[in-house]
Structures are given as structure tokens and as C-alpha cells.
Amino acid sequence: MEKIMLELWDLHKIYSVEKSGVKYEALKGVDFQAKEGDFIAIMGESGSGKTTTLNIIASLDTPTSGEVVIGGVDVSKMNNKEICKFRRENLGFVFQDFNLLNYFTVKDNIAFPLVLLNKSKKEIDEKVNELAEQTGITKLLDKYPYEISGGEKQRTAVARALVCDPQLVLADEPTGALDSKNSDQLMELFQTFNEKGQTIIMVTHSIKSASKAKKVLFLKDGMIGNTLDKADRNDDEFEEEIANFLYNSGK
Ligand SMILES: Nc1ncnc2c1ncn2[C@@H]1O[C@H](COP(=O)(O)OP(=O)(O)OP(=O)(O)O)[C@@H](O)[C@H]1O
Ligand SMILES: [Mg+2]
């Protein structure tokens, strides 16, 4: 039986605006489940709640109500210390703006999550080299982030996100800052890792990037409006279906 990797149960998020105190309901009951090995794209208009949802899954933010269960563990009931440990051991992130540490080399950036987990130098070196090879950045390991290109930074960020073999990889607009060639390469990398069993959840505005996923969720005003399954379609066919869906829903 397929294992359920992620469960979101009736997630609500109410922000209260700092200055005015006015309340704003960004999520209005998001329900969703992802299986182990899923590759899911979250799409939706600006302000629809994509980043809020991702940040709550990542436990970088807390829901006002509802539950987040990852690999059978109810993350929403954990205290801060437990959350930090869980996040380090089970989740990988790829942020829109890379979030690389500029005073660390590419190698040390990738190694950082393992250092936090107190892994041995030998284990760290092996794992970093393995990921650098898979992401095609072996030659860059001694460079600093300001000495590499945008696409290379993004691949470094992916290597860092995957270095602890996380149960779940979360990516917010991972191709947002990339040209089409680098976007395609990054999506191929995600597909390769996904084929090996890595579960991935990715927020994107790009129809092309979304078409590489197995399923697309559309958020609308803080709720999941629709989902599209790729099923046995290829990337191009799925891209066309997503485009048609967006065109028709915008009418
Ligand atoms: N800290 C906050 N305080 C108040 N309102 C917030 C806060 N963070 C987000 N919001 C509001 O919640 C809604 C959802 O925001 P979110 O960042 O999830 O949107 P998004 O779908 O990721 O949009 P984008 O595509 O522009 O990144 C927005 O209307 C936003 O203004
Ligand atoms: Mg966002």
C-alpha cells in the first residue's frame, strides 16, 4: 500500500495585520493529501495562499487551526524544539531567492544541514560529493555563491535541500529567478529525484514547470479550487491541459 506522506486537514490561517490589527483570512480550510513519491505543483494567483500553505507545511509558520501530518507525525502539535529537530531531519527546502550563505563555499553551504545534525566529516564529505555529482556542480564546490551563476546557485540550493535525504522537499518558486534553460534543467533534476522516490511539493507560477509534476493543485482565495492529475500524459500534453484549464477558469 502506498504510504501517505503529507496530510493537511482543514487548514485555516488568519493573519492580523500588525499596524491596523485588521484580521485577514489567508487560508480558509485547505484539505489535501500527498502520497510518498508524489510530485505536486501548487499554482494560483498572487495572494491566493501558496506561500502561506508551503510555510505551514514547512512549519516555518503555524496554522490558526487545522492539522499538518507528515509521515504520520502530527507536526501541528509539536513544540518549537521538537519542530526544529523534525524539520532538520525530515524536510528540505528550496527557497525562491536561494538563501545561500555568502561567506560559505558551495561545499559548506551544501554540508550545512549535515553539520547541524552532527554527522561525521567522512559522512559529510561523501554525501556532499554524491549530491554535487547528481546536481552537476562538482567543479564549483570551492567557489563562493557570488562566484557562480543563478542556475548554479539554484542547483546548490537543491543539493543542500536533498543532502539529508529528507522525506519531503518543499520548493517555493524554485524557477522564479531562472531563465528557461536553467528552469528546464532544474525541473529535470526534480523529476530525476522524484523518479528515485523523493516526494516534492513545489509552488510555481510557471505552467511549464508545473507540467513536470504529477499533479497540480490550484489555490483560489485560500482554498483548493481544483486539482489536475497528469496520469499517463507526457509533459507537453499536461502543459497544454494546465494552460487550457487556466484559460477557461480565467474567463
Ligand atoms: N504576515 C502577514 N500579515 C497579514 N497578511 C498576510 C501576511 N502574509 C501574507 N498575508 C496575506 O495572505 C494572503 C496570502 O499570501 P501568500 O503569501 O500565501 O500568497 P501567495 O499565493 O504566495 O502569493 P504570491 O504568488 O504573490 O507569492 C495575501 O493576501 C497576503 O497579503
Ligand atoms: Mg508566494
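Buried means under 20% relative accessible area, exposed over 50%, and partly exposed in between, with a 1.4 Å probe and protein chains only. The model is predicted: local features need pLDDT of at least 70, side-chain atom pairs count only at pLDDT 80 or more, and totals for chains, interfaces and linings use all residues. Residues are numbered from 1 along each chain as its sequence is written, and side-chain values use heavy atoms, with hydrogens and water left out.

**Aromatic rings**

Rings of Phe, Tyr and Trp (its six-membered ring) pair if their centres lie within 6.5 Å; planes under 30 degrees apart count as stacked, over 60 as edge-to-face and the rest as tilted. Five aromatic pairs are found in a search of the whole structure. Two of them are tabulated here.

| Pair | Centre to centre | Angle between planes | Class |
|---|---|---|---|
| Phe104 and Phe112 | 5.7 Å | 80 degrees | edge-to-face |
| Tyr144 and Tyr146 | 5.7 Å | 5 degrees | stacked |

Phe104 is partly exposed, at 30% relative accessibility, and Phe112 is also partly exposed, at 31%.

Another ring, that of Phe193, has Lys196 over its face, 5.2 Å from the ring centre. A charge sits over a ring if NZ of Lys or CZ of Arg is within 6 Å of the ring centre and within 35 degrees of the ring normal.

**Helices**

Helices (H or I, at least four residues) and strands (E, at least two) are DSSP runs, numbered from the N terminus. Helix H1, residues 50-57, is mostly covered, with six of its eight residues buried. These are Lys50, Thr52, Thr53, Leu54, Ile56 and Ile57. Ser59, which follows H1, has a positive phi near 55 degrees.

Helix H2 spans residues 80-90, and Ile83, Phe86 and Asn90 are buried in it. These three lie on the same side of H2 because they cover an arc of only 70 degrees around the axis, the arc being that of the directions from the helix axis to the C-beta atoms. An α-helix has 3.6 residues a turn, so residues three or four places apart point the same way. Asn80 and Lys81 are exposed on the other side of H2. The N-terminal end of H2 is capped by Asn79, with a side-chain oxygen 3.1 Å from the backbone nitrogen of Lys81. A polar contact is a pair of N or O atoms within 3.5 Å; within protein, one must be able to donate a hydrogen and the other to accept it, and residues adjacent in sequence count only if both atoms are side-chain atoms.

Thr156 belongs to helix H5, residues 150-162. Thr156 is buried, with a relative accessible area of 0%. Leaving out residues up to four places away in sequence, Thr156 touches Leu100, Val106, Asn109, Ile110, Ile137 and Ile148, contact meaning heavy atoms within 4.5 Å.

**Cysteines**

A search of the whole structure finds zero disulfides, a disulfide being a pair of cysteine sulfur atoms within 2.5 Å. The sulfur of Cys84 has its closest cysteine sulfur in Cys164, 14 Å away, which is too far for a bond. Cys84 is partly exposed at 34% relative accessibility, whereas Cys164 is buried at 16%.

Terms used. Chains are lettered from A and ligands numbered from 1 in the order in which they are written.
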